[in-house]
Amino acid sequence: NPLVNEVVIPLKLKDAFNASKPTQDGAALKYVTNPELPKLVEAVYGIDAPATPRNDLVSVFLTGVKGLNKAKGKVTPSEQLRLNMSTPVTAEP
């Protein structure tokens, strides 16, 4: 997903995350459930960050959303752009 490295992964680990294999992305679980950016927005702008752990983000970033873009069968947690190819093309989006 675009910007995952910018929004979820802490600054000190960005290069290591970019260099890792997708099958190793599960190691980022603690950063997915407790992302850095909401804390920074809260500190700078005084906007309340959502409560952690953000278990809702696990499906978005690591497994896919059930019924939308999660593959059938066993899923290896990995950060990737998931496209739902079962949605038909339409002439009028």
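Let's start with Asp 25, which sits in the loop between helix 2 (14-19) and helix 3 (29-33). Helices here are DSSP runs of H or I with at least four residues, strands are runs of E with at least two, and both are numbered from the N terminus. This is a predicted model, in which local features need pLDDT of at least 70 and side-chain atom pairs count only at pLDDT 80 or more, while totals for chains, interfaces and linings use all residues. Residues are numbered from 1 along each chain as its sequence is written, and side-chain values use heavy atoms, with hydrogens and water left out.

Is Asp 25 buried or exposed? Asp 25 counts as buried because its relative accessible area is 5%; the cut-offs are under 20% for buried, over 50% for exposed, and partly exposed in between (1.4 Å probe, protein chains only). Setting aside neighbours within four places in sequence, Asp 25 is in contact with Phe 17, Ser 20, Leu 62, Pro 77, Ser 78 and Glu 79. Contact means that heavy atoms lie within 4.5 Å.

## A cavity inside

The structure holds one cavity of 30 Å³ or more. To find cavities, a 1 Å grid is laid over the protein atoms alone, and a cavity is a set of points where a 1.4 Å probe fits but cannot get out. Grid points are joined across faces, edges and corners, and the volume is the space filled by probe spheres set on the points.

The largest cavity has a volume of about 40 Å³. Which residues line the largest cavity? They are Val 4, Val 8, Ile 9, Phe 17, Ala 28, Val 32, Phe 61, Leu 62 and Glu 79; a lining residue has an atom within 4 Å of a point.

Now for the surface. Leu 3, Val 7, Leu 37 and Leu 40 make a nonpolar surface patch of about 330 Å². Patch residues have over 30% relative accessible area and no salt bridge; nonpolar side chains (Val, Leu, Ile, Met, Phe, Trp, Tyr) are joined within 5 Å, and like charges within 9 Å. Leu 3 lies in the segment before helix 1 (4-7), and Leu 3 counts as exposed because its relative accessibility is 58%.

Glu 36 belongs to helix 4 (residues 36-45). With a relative accessible area of 31%, Glu 36 is partly exposed. Beyond its neighbours within four places in sequence, Glu 36 is in contact with Val 7, Val 8, Pro 10 and Leu 11.

## A cis bond and a salt bridge

Pro 53 is in the loop between helix 4 and helix 5 (56-63). The peptide bond leading from Thr 52 to Pro 53 is cis, with omega near 5 degrees.

How many salt bridges does the structure hold? There is one, and it pairs Asp 56 with Arg 54, whose closest N and O atoms are 2.8 Å apart. A salt bridge needs a side-chain nitrogen of Lys or Arg within 4 Å of a carboxyl oxygen of Asp or Glu. Asp 56 is partly exposed at 42% relative accessibility, whereas Arg 54 counts as buried at 17%.

## Helix 5 and what follows

Val 58 is in helix 5. Not counting residues up to four places away in sequence, Val 58 touches Leu 29, Val 32, Thr 33 and Thr 63. Val 58 and Pro 93 are 35 residues apart in sequence, and their C-alpha atoms are 29 Å apart in space.

Val 75 is in the segment after helix 5, and it is partly exposed at 21% relative accessibility. Val 75 touches Thr 63 and Lys 70, again not counting residues up to four places away in sequence.

## The whole thing

Zooming out, the protein has five helices and zero strands. The C-alpha trace spans about 45 × 35 × 20 Å along its principal axes. Of the 93 residues, 24% count as buried. The accessible surface comes to about 6900 Å², with 60% of it belonging to carbon and sulfur atoms; such areas come from the Shrake-Rupley method with a 1.4 Å probe, and for residues only the protein chains shown count as cover.

How values were computed: 1 Å grid on protein atoms, 1.4 Å probe; cavity = no way out; pocket = protein on both sides within 12 Å on 5 of 7 lines; lining within 4 Å.
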